[in-house]
Every structure is written in structure tokens, then in C-alpha cells.
Amino acid sequence: MKLAILATLAVSAAAFAPAPAGRQSTAASLDISGELGAQMPLGAFDPLKIMEDADQSKFDTWREIEIKHGRVAMLAVTGYLTTYAGVRFPGAEDVPAGFAAVNWLCTTKDGLFILPQMMLFFIIAEIVNRDAGEVTGVTPAFPGDYRNGKLDFGWDKFDEKTKMRKRAIELNNGRAAQMGILGLMVHESMGNVAAILPLANN
């Protein structure tokens with residue numbers, strides 16, 4: 001568990017390289033200090049120096065990874081807090097909250113029945129939530145843009161300033177969620193989640 005936490009921390013730190021607002025191409029290195037996500041108090045936060053010799057392609061790849069991890073982490077934090085509050089689907093009242101649910105899935109009859117369904121859902125979600133430009137012919141407007149010419153929800157009606165603000169909101173919420181789910185992992189491993197979630201009903 002400790003090794004998993006350390007590995008997650010390392011990946012989360014590396015994923016904090018900021019996003020491209022105005023793209024530039026250079027054979028030497030990419031200046032990320034003025035890009036979306038490079039903000040006070042940390043600025044261009046890249047402690048592992050992954051972006052030190054990055055070109056645009058490498059930058060976009062890591063930006064997409066950060067955004068995707070952020071989206072998953074936001075779902076993870078929401079799910080964790082929801083189950084810790086005692087909310088369950090009908091018939092799942094006996095499923096434990098937090099990461100104890102993983103052991104329940106792998107060791108109980110009901111869990112082993114649900115597990116393949118979860119895996120199938122994850123596979124479908126991974127197929128759908130990606131850049132499908134090679135199929136649709138639509139070029140993403142930015143890393144993490146998975147609309148693929150189909151889903152829009154009014155995005156193209158926003159002006160550029162609003163788009164940048166909303167992208168920054170998602171980016172920072174994702175970063176906070178990555179730290180949040182990591183913190184919950186640590187506290188659950190320490191056995192003191194109730195100290196930070198005193199109203200939990202698990």
C-alpha cells in the first residue's frame with residue numbers, strides 16, 4: 001500500500017506540468033511558464049523536470065494524461081465521499097465504504113458477479129472517452145478535447161476567454177481531486193479517515 005501511495009504521489013507531481021494555451025514549436029525546449037495552469041504560488045510546477053526538454057508532442061501527451069487523471073480523480077473523490085456518507089444502490093447496503101470495497105469485490109459472491117460488469121464499463125468508457133480523430137476526422141481543439149465532433153454542450157458558443165477560464169477550472173479541480181483521493185488513501189491506510197470525515201456513516 002505504501003509503495004502504491006508513493007507511486008501515485010510521483011505520478012501526480014509529474015502531471016502538474018501546465019497546459020498549452022498558445023502553442024509554439026521549438027526544436028530546443030518548450031517554455032511553459034506562461035501557459036494555462038502555470039499560476040501562483042507554484043508557477044510552472046514540474047519538480048521531476050519532465051518538461052525540461054519537451055517538444056509540443058510530448059507536452060500535449062502529458063497534458064492529456066493530467067487532464068484524464070484529473071477527471072477520474074474527481075469521480076473517485078465524489079464516489080468515495082458519497083459511499084462514506086452511507087449512500088448505496090439498492091441491494092448494495094452491505095458493501096463497505098472506501099477502498100475496503102475492493103476487497104469485497106474480489107472475495108464475495110456478489111462482488112465477483114459485479115466485478116466483470118465494472119470491467120466492461122471501464123473498457124467502454126475508455127473507448128468512448130478519447131480522441132477519435134482517426135475515425136471522425138475531427139482535430140481536437142486542445143489536449144483532452146474528446147468531443148469528436150459529436151458532443152458539444154454549447155462549448156463553441158463561448159468566447160475564447162470563457163473557454164480558457166473553464167479549461168483552467170477543470171484543470172485545477174482535477175489537480176485538487178488527485179491530491180484529495182491520495183489524501184483519502186493515506187488516511188484510510190492510517191486508519192483515521194473518521195478524523196477528517198467525522199460525519200461518515202460507513
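Which residues does Gly133 touch, not counting residues up to four places away in sequence?

Modeller: This is a predicted model, in which local features need pLDDT of at least 70 and side-chain atom pairs count only at pLDDT 80 or more, while totals for chains, interfaces and linings use all residues. Residues are numbered from 1 along each chain as its sequence is written, and side-chain values use heavy atoms, with hydrogens and water left out.

Leaving aside residues up to four places away in sequence, Gly133 touches Val138 and Asn148; contact means heavy atoms within 4.5 Å. Gly133 lies in helix 5 (residues 133–136); helices are DSSP runs of H or I with at least four residues, numbered from the N terminus. Its relative accessibility is 18%, so Gly133 counts as buried (buried is under 20% relative accessible area, exposed over 50%, partly exposed in between, with a 1.4 Å probe and protein chains only). Between the C-alpha atoms of Gly133 and Arg147, 14 residues apart along the chain, the separation is 9.8 Å.

In helix 3 (residues 100–107), the buried residues include Ala101, Trp104 and Leu105. They are on the same side of helix 3 because they cover an arc of only 100 degrees around the axis, the arc being that of the directions from the helix axis to the C-beta atoms. Asn103 and Thr107 are exposed on the other side of helix 3. Helix 4 is among the elements that cover the buried residues of helix 3. Helix 4 (residues 109–128) also holds Ile123, which is partly exposed at a relative accessible area of 49%.

Conventions: Helix = DSSP H or I, 4+ residues; strand = E, 2+ residues; numbered from the N terminus.
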